[in-house]
Amino acid sequence: MATPLSPQSGSPLSALKTIAVVGLGTMGTGITEVLAKAGREVIGIDISETQTARTVAALESATARAVERGRLTEQERAGVLARVRTSTDLRAAADADLVIEVAPESYEVKHQIFRELDTIVRPETILATGTNALSVTRLAADSARPERVLGLHFFNPAQAMKLVEVVSSVLTAPQAVAAVTDLAIELGKEPVAVGDRPGFVADGLLFGYLNQAAAMYEARYASREDIDAAMRLGCGLPMGPLALLDLIGVDTARTVLDAMYAESRDRLHAPAPILKQLSEAGLTGRKAGRGFYTYEAPGSATVVPDALTPAADGARAAGRPVRSVGVAGSGTMASGIAEVFAKAGYDVVLAARSDEKAQTAKARIGKSLARSVDKGRLTAEAAAQTLDRITPAGSYEAFADVDLAVEAVAEDLEVKRQLFQALDKVCKPGAVLATTTSSLPVVACARATSRPQDVIGMHFFNPAPAMKLVEVVRTVLTADDVHATVREVCAKVRKHAVDCGDRAGFIVNALLFPYLNNAVKMVQEHYATLDDIDAAMKLGGGYPMGPFELLDVVGLDVSLAIEKVLHREFRDPGLAPAPLLEHLVAAGCLGRKTGRGFREYARR
């Protein structure tokens with residue numbers, strides 16, 4: 001994280017003791033609670049008396065729960081409540097050292113508030129906007145004190161989320177930035193310093209991804225449930241993108257994207273038409289009781305079935321019987337997939353280009369099972385039985401009797417085509433042939449055989465024994481019973497299957513890699529540092545890893561190859577790989593595996 005400036009000793013900006021919060025919606029109420037708990041005197045201001053009353057009630061309820069959980073004493077609770085007063089008159093902010101505005105995302109509304117504040121507050125008072133979509137510079141330029149206007153973007157819920165983006169315009173005084181940065185630290189937050197552009201860091205990356213997910217759903221490429229499950233289980237995200245849009249508010253997302261597109265003119269930021277349709281129909285998400293999903297009641301988090309809720313798997317066609325499985329390949333993914341099938345009770349033939357490679361792959365599985373035994377996840381007897389079910393082979397001829405053949409060889413279309421030609425000759429009639437490709441066209445593998453109806457995509461995630469997701473990719477030629485077979489097998493091996501069509505990136509990579517590419521562009525344009533971007537996405541978005549941590553783990557060469565495939569498939573200029581990524585790959589900086597990618601690593 002960037003090191004914040006510290007205000008000069010004795011400066012009137014060095015202690016922000018009295019703070020006004022203008023706008024007492026969910027975010028304003030949360031910020032009020034955070035400030036009061038940190039010992040600040042807080043003036044909560046809203047034009048609605050009903051809203052000010054709700055804020056007081058929410059504070060009383062939240063602090064009562066904190067007492068019950070032992071996080072506050074009754075005396076501390078009384079102190080928090082005593083430090084908060086509310087008003088419907090903006091003049092109540094007259095004595096504030098800092099005013100944080102969190103009114104609706106409208107230039108007209110915010111300009112009016114800032115103009116009035118100019119005539120009310122002291123000359124040295126700092127004015128902060130909580131916008132996540134509008135230009136801080138434009139708001140500052142309309143103020144009589146532009147040097148004291150900045151952005152202070154908290155994340156929802158403010159009480160729990162650690163990230164605060166401190167947004168400077170070209171007009172903002174460094175002392176003002178330093179003062180609010182110090183305040184954020186005292187509040188227990190992680191401040192990240194960013195420049196003024198729509199979305200800043202976290203939302204700038206997040207909303208492009210959410211928009212792509214909405215467009216994917218609108219195109220009927222995958223169901224809302226499968227899109228959300230894919231991103232939760234495939235990327236470890238706390239929420240799927242469509243559920244998150246409902247939480248944020250579909251109308252809010254549309255406003256943010258409109259502002260981002262106005263600046264970037266990047267098609268990835270052009271709001272998906274479905275966002276406009278839902279917004280104008282009043283289906284704005286949880287707050288309305290309906291958005292992408294339907295909820296028990298307005299404001300409820302409980303999803304209830306509706307006309308779009310998919311039927312249970314029992315309604316599908318019956319699949320083909322599968323007793324034995326062949327796994328082609330000798331790498332980490334092949335051995336992981338073989339382990340998954342063997343643990344589930346299948347007899348597995350693990351075939352590679354030589355007996356030695358196949359034996360090495362089986363030995364890798366033995367080590368993995370031994371680690372599971374050491375961690376108490378598996379008994380020694382179960383591990384031994386699992387390993388006994390795996391037969392290594394140095395030729396694909398060993399697949400003659402398998403019911404399901406899964407290829408997990410190099411991500412090279414010609415290599416895969418040749419393998420499928422071989423499987424076509426070796427495997428018995430009726431055997432299902434599956435590819436684990438993450439980005440190549442499944443139909444190209446199918447057309448390499450005389451039985452394209454038997455070919456399907458079965459994209460496992462790495463490490464296969466741990467990751468719950470499998471993307472089931474059917475082509476226009478895949479038979480219904482083949483699709484049903486793979487769904488049934490996924491259930492037996494305890495994986496969550498999601499359905500998608502045969503196009504580049506499927507669900508996860510098609511949403512993940514444009515987000516990663518946009519993060520690279522931010523660094524390339526010197527908008528933010530690697531550390532600040534990674535911190536912003538982990539603290540503000542709940543991501544398990546920041547984009548640059550993830551890129552270095554995946555491998556920059558692998559990432560570049562996937563981004564090239566996406567760009568070639570969709571022909572969208574916004575998907576073109578960032579030049580910085582191409583330069584690092586050309587220099588041999590491929591991530592952790594080479595000791596250097598976006599960061600440097602100790603060589604093993």
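This is a predicted model: local features need pLDDT of at least 70, side-chain atom pairs count only at pLDDT 80 or more; totals for chains, interfaces and linings use all residues.

The secondary structure of the chain comes to 22 helices and 18 strands. The radius of gyration is 28 Å, close to the 25 Å that the globule rule gives for 604 residues, so the chain is as compact as a globular protein of that length. If you follow the C-alpha trace along its principal axes, it spans about 85 × 50 × 50 Å, and 54% of the 604 residues count as buried. Among the contacts with a separation of 6 or more, 69% are between residues 24 or more positions apart.

Now to the helix I would like you to find, which is α20, residues 547–554. Which of its residues are buried? They are Pro547, Phe548, Leu551 and Asp552, and because these four cover an arc of only 135° around the axis, they are on the same side of α20. As for what this side meets, the buried residues of α20 pack against α18 (508–524), α19 (530–541) and α21 (556–570).

If we leave aside neighbours within four places in sequence, the residues in contact with Asp552 include Leu590, Gly591, Arg592 and Gly597.

That brings me to the salt bridges that are present, of which the count comes to 29, and I will pick out a few.

In one of them, Lys110 pairs with Glu105, with the closest N and O atoms 3.3 Å apart. Lys110 counts as buried, at 0% relative accessibility, while Glu105 is partly exposed, with a relative accessible area of 24%.

Another salt bridge is formed by Asp481 and Arg320, whose closest N and O atoms are 2.9 Å apart. Asp481 lies in helix α17 (residues 480–492) and Arg320 in the loop between β10 (303–304) and β11 (324–328), so this pair ties together parts that are 161 residues apart in sequence. Asp481 itself is partly exposed, at a relative accessible area of 27%.

Helix α17 also supplies Arg487, whose side chain meets that of Asp499 in a salt bridge of 3.3 Å, N to O. Asp499 sits in strand β18 (residues 496–501), and the two partners are twelve residues apart. Arg487 is buried, with a relative accessible area of 11%. Finally, there is a network in which salt bridges with shared partners join Asp97, Arg122 and Glu124.

Is Ala431 buried or exposed? At 0% relative accessibility, Ala431 counts as buried. Not counting residues up to four places away in sequence, Ala431 touches Arg320, Val402, Asp403, Arg451 and Asp454. Ala431 and Val325 are 106 residues apart in sequence, but 9.6 Å apart in space, C-alpha to C-alpha.

I will end with the backbone. The peptide bond from Asn156 to Pro157 is cis, with omega near 0°, and Pro157 is placed in the loop between β6 (149–154) and β7 (163–168). Asn462 and Pro463 are likewise joined by a cis peptide bond, with omega about 0°, and here the proline is in the loop between β16 (455–460) and β17 (469–474).

Two residues have a positive phi although they are not glycines: Phe200, at about 50°, and Arg571, at about 55°. Phe200 lies in the loop between β8 (190–195) and α7 (202–218) and counts as buried, at 0% relative accessibility. Arg571, in the loop between α21 and α22 (579–586), is exposed, with a relative accessible area of 69%.

Definitions and conventions
Residues are numbered from 1 along each chain as its sequence is written. Side-chain values use heavy atoms; hydrogens and water are left out. Buried means under 20% relative accessible area, exposed over 50%, partly exposed in between (1.4 Å probe, protein chains only). Helices (H or I, at least four residues) and strands (E, at least two) are DSSP runs, numbered from the N terminus. The arc is that of the directions from the helix axis to the C-beta atoms. Contact means heavy atoms within 4.5 Å. The radius of gyration is taken over C-alpha atoms; the globule rule is 2.2 Å times the number of residues to the power 0.38. A salt bridge is a side-chain nitrogen of Lys or Arg within 4 Å of a carboxyl oxygen of Asp or Glu.
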